[in-house]
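Let's take a walk through this structure together, beginning at the ligand and ending in a helix. Please open the view below and keep it at hand.

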Amino acid sequence: MRVLVTGAAGSLGRVITVGLADRGHDVVGLDLVPAPEGSTFAWHEADCADADAVAAVFAALSTGGRLDAVVHLAGVPEEVSLPGELTSHVITTAALLDAMVAHRVPRLVYASSNHAVGRTPRAAGELTEHALPRPDTYYGVAKVAAEALMQLFADRHGLDAVACRIGSFMEEPTTVRALSTWLSYEDGVRMVEAALTTPAPAFAVLYGISANTRGWWDLEPGRRLGYEPLDDAEEFADRIEDRPEDAVEAEFVGGPFATAEFHRPALGD
Ligand code: 15L
């Protein structure tokens, strides 16, 4: 597949671009910054929040053959102001979806987040795809809104759009919470490839974690889309030190983002 990956120079993007290329996909990178040194991908520099810039990238790409999908990974990975979050996650997603419709690109795979449902208490039981939106931050609010846009474009334009509610994407888990929420690099690539290739998902949600022994987020929605995680955070458990904040981080899906200690900026900061 020919795939445009946004945020291709970011921490997710650097892993996913290489993993998809290794699996035979034709990857085109898009980022605010130049391609990382040594990268061999076709590359575009643009701000995904700038609809005209995004349209120009799609116009340029249309001369090089059909684009099969967009993997949207760009965006701030933490809590900033509400306008900042909406720009980073909602305005960018809208610009990409508009360009996809204009150029008949049929599929979006989106790096959504567990923080869209981050205020869901652990006491509610296993976290399923039917959990209602329950963000823990403005970051989570923006992920909810971006998912809503995906649903809208799936319904209105017949696009396929898979929202991957990612847990903790890192080389290895470093906290007790991450023993439940870890998404390994290899499983991250497996997840994105499944979301790219599963037949006709329309709008779908999956939880992006590895097959963690301590996991409590439902893996079935992902498995239905062909995402079969193979890694397990448990193999790192004996390297992880207990911390006083572990107990409070265990109370909600969003861990530290959902705790009272997490200081949110005011609306416009
Ligand atoms: C995310 O979505 C964030 O981008 C990242 O900073 C972590 O907070 C991660 O989730 C997580 O929940 O561990």
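What follows looks at the ligand and its surroundings, and then at salt bridges.

Keep in mind as you read that this is a predicted model. Which residues are around the ligand? They are Pro77, Ser113, Asn114, His115, Tyr139, Gly167, Ser168, Arg177 and Phe257. Sorted by class, this shell consists of 3 nonpolar, 5 polar and 1 charged residues.

Now zoom in on the oxygen atoms of the ligand. In the side chain of Tyr139, a polar atom lies 2.8 Å from a ligand oxygen. Asn114 also takes part, with an N or O atom of its side chain 2.9 Å from an oxygen atom of the ligand. For Arg177, a polar side-chain atom is 2.9 Å from an oxygen atom of the ligand. As for surface, the ligand taken alone exposes 320 Å², and the protein buries 76% of that.

How many salt bridges does a search of the whole structure find? The search gives 17 salt bridges, and one to look up in your viewer joins Arg190 and Glu186. In this pair, the closest N and O atoms are 3.9 Å apart, a distance that falls within the 4 Å cut-off for a salt bridge. Where do the two partners sit along the chain? Both belong to helix 6 (residues 185-197), and because they are 4 residues apart there, about one helical turn separates Arg190 from Glu186.

Conventions
Residues are numbered from 1 along each chain as its sequence is written. This is a predicted model: local features need pLDDT of at least 70, side-chain atom pairs count only at pLDDT 80 or more; totals for chains, interfaces and linings use all residues. Side-chain values use heavy atoms; hydrogens and water are left out. A residue is near a molecule or strand if one of its heavy atoms lies within 4 Å of it. A polar contact is a pair of N or O atoms within 3.5 Å; within protein, one must be able to donate a hydrogen and the other to accept it, and residues adjacent in sequence count only if both atoms are side-chain atoms. Accessible areas come from the Shrake-Rupley method with a 1.4 Å probe; for residues, only the protein chains shown count as cover. Ala, Val, Leu, Ile, Met, Phe, Trp, Tyr, Cys and Pro count as nonpolar, Asp, Glu, Lys and Arg as charged, and the others, Gly among them, as polar. A salt bridge is a side-chain nitrogen of Lys or Arg within 4 Å of a carboxyl oxygen of Asp or Glu. Helices (H or I, at least four residues) and strands (E, at least two) are DSSP runs, numbered from the N terminus.
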